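Thanks for making the time this morning.

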Amino acid sequence: MIRGPGGHRFGDVRLSGRATIPRIIGRFVVPALFAALFAAPLWFMVVGSLRPAGLPPPRTLEVLPPEPTLAAYARLPELIPLFRYLANSALVVALAVPLTVAVASLTGFGLRLLTPTARRRVVLGLLAVLLVPVTAVWATRFELFRLAGVVDTYLPLLAPAALAGSPFLVLLYAWSFGGVPDSQLWAARLEGAGWLTVWRRVALPQVRPATLAVAVLAFTFHWANFIDPLLYLQSGDRYTYPLGLQFLRLLNPTDWPLLMAGSVVATVPCVLVFLLAQRVLLNDDPLAALRSGGRR
Amino acid sequence: MTGGRNRRPLTGWAFLAPYAVAVALLVALPALLNVGYAFTDHTGLTRDPRFVGLANVRRLLDDPFLLDSLRASLLHVALAVPVRLLAAVGLALLLAAPRPGGRWFRVAVYLPTVVPDVALAVLFLWVLNPLYGPLNQLLGLFGHPGFTWLADPTTARLAVVLMLAFPIGEGFVVVLAARRLLDGRLYEAAALEGCGPFGQLRRLTLPLLAPVLVLLAVRDTILTLQVNFVPAYVLTDGRPANATLYLPVYIFDQAFEFSGFAYGALISMVLMAVTGVIITGLLLMVRRWRVLR
């Protein structure tokens with residue numbers, strides 16, 4: 001059995017040589033069961049999308065589709081303007097992801113530059129603000145955007161991006177910038193670089209894996225955003241894909257292969273993009289991977 | 001450029017400015033506006049709200065739907081937060097140690113988190129379908145007749161909790177990272193003292209991770225109070241018998257469907273108060289247990 005590079009940190013030194021059966025169960029079988037449990041819903045989504053329409057209810061659990069067909073996917077663009085919705089979603093994501101990355105990295109870098117006392121105060125202030133659930137400011141935020149005359153545009157959909165998507169993303173950057181040594185920042189300053197240049201040329205290139213991770217998480221967030229389009233978009237030709245999926249559900253509430261195909265189309269971009277970042281985010285040592293290129 | 005070291009704190013604040021402006025405009029200002037609008041007759045359709053004093057408060061005190069909504073939200077938080085925390089922490093500790101292929105176990109656990117929540121809700125409509133759904137078919141394998149999940153108040157509440165037990169990736173990653181930071185020598189010492197895996201978990205891992213766990217509990221409480229909107233909107237639309245009429249759903253109905261904008265603002269204040277009370281309670285409990293010193 002090969003032990004991971006940091007194995008000793010998990011305190012299994014004494015056991016390392018023995019590959020007993022309980023050990024294999026603990027290390028592989030139980031994790032595999034949980035992994036299967038969490039992958040199961042996605043599997044059912046795919047299997048459900050491959051069922052032919054109008055088949056009678058299955059008598060037992062279907063782990064594989066009986067007569068798999070892609071017919072449901074072919075019917076999608078006939079029922080909703082699929083490509084228009086996808087293009088709208090792509091446009092929103094193309095605007096929102098760079099904004100999210102910019103705000104999260106600027107804020108994370110700002111936290112890095114503060115003294116430890118000030119940083120603690122800011123983090124506490126941040127937590128206090130975050131006690132306000134987003135849903136509690138829906139109505140009045142909508143009113144502000146309505147008074148600004150930007151309802152039914154994509155501008156309000158960028159509001160979560162201006163808030164860095166989630167405090168988690170700011171935290172990721174703050175962690176990562178913590179690994180950039182002071183000496184490098186000051187060396188760049190002594191050579192006359194402004195702080196923005198230091199951020200862009202010295203700090204950001206050292207945390208590229210973190211940028212990848214934040215961009216990917218921002219992508220999944222904005223691609224999936226349902227509430228903001230629901231509140232702010234009124235013209236059908238501006239709908240993003242999640243709204244289109246809800247629309248599809250209202251049109252065909254019992255056409256399960258069709259609805260599962262629609263869900264697969266919504267999910268596939270997020271899964272593909274996430275697979276790019278899993279090497280960083282779910283690394284054996286995520287903190288090191290965020291800073292070092294994620295090649296462990 | 002002179003006075004570098006003195007200017008440094010100011011520079012840090014300057015980098016925080018864009019975020020601070022966004023928080024002020026998009027969170028703090030709307031939160032305060034709730035207070036203003038709550039005492040008007042604003043419908044969300046006209047531009048001239050009038051002051052109506054405590055009319056909305058009187059309506060609030062005599063609103064059976066609000067009671068249903070509060071009960072639904074509180075039950076949901078009481079069930080969903082422990083389940084989600086247990087899943088995130090348990091799985092993170094189970095999968096933290098390096099092992100061949102270990103990353104792919106973590107990928108599987110994280111996957112439901114990247115599924116867009118509408119797609120996850122539509123998927124659960126299918127999974128929970130009493131006739132076709134895989135969950136009832138699975139129960140059928142064990143000889144159980146299955147449930148009419150979304151048609152019964154109790155199972156509908158459980159169904160929403162079940163669905164939200166899957167997207168737990170954020171807490172999962174945080175615990176993975178926090179576990180990695182713990183000093184391995186402590187575990188070596190504990191192992192030499194004859195402390196087994198469960199003893200290590202109880203005496204070392206959980207106490208050392210306590211601050212992170214408290215933070216996650218607070219964050220998850222807030223998150224749970226808001227993320228239940230999409231499942232409730234797609235799965236049940238607040239039915240059956242108001243069992244899933246969570247506060248966000250009720251606010252949405254009032255503010256955007258029933259033209260009761262001002263009343264919605266007042267319920268938003270109730271939601272903020274509920275959030276504050278739950279979190280204060282949580283922190284007081286934690287202080288009593290002395291996990292944080």
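**Chain B overall, and a helix pair in chain A**

Let me begin with chain B of this predicted model, where, of the contacts between residues at least 6 apart in sequence, 69% join residues that are at least 24 apart. The secondary structure of chain B consists of 13 helices and zero strands, and its C-alpha trace spans about 75 × 70 × 40 Å along the principal axes. Of the 293 residues in chain B, 46% are buried.

Against that background, please look at helix α5 of chain B, residues 117–127, which is mostly covered, with 11 of its 11 residues buried. The buried residues of α5(B) include D117(B), as well as F124(B) and W126(B).

Now let us turn to chain A, where helix α3, residues 82–113, packs against helix α7, residues 167–177, at an angle of about 50 degrees and with the two axes 8 Å apart. Because angles from 65 to 115 degrees count as roughly perpendicular and those under 35 as roughly parallel, that angle makes α3(A) oblique to α7(A). The crossing of α3(A) and α7(A) is right-handed.

Which residues make the contact? On the α3(A) side they include T100(A), A104(A), F109(A) and R112(A), while α7(A) contributes L169(A), V170(A), Y173(A), A174(A) and F177(A).

Methods. Residues numbered from 1 in each chain as written. Chains lettered and ligands numbered in written order. Predicted model: local features only at pLDDT ≥ 70, side-chain atom pairs only at ≥ 80, totals over all residues. Helix = DSSP H or I, 4+ residues; strand = E, 2+ residues; numbered from the N terminus. Buried ≥ 20, exposed ≤ 12 C-beta atoms within 10 Å, placed from the backbone. Contact = placed C-beta atoms within 7 Å. Axes fitted to C-alpha atoms, helices over the stretch in contact; angles between N-to-C directions. Parallel < 35°, antiparallel > 145°, perpendicular 65-115°, else oblique. Left-handed = near helix turned anticlockwise from the far one by under 90°.
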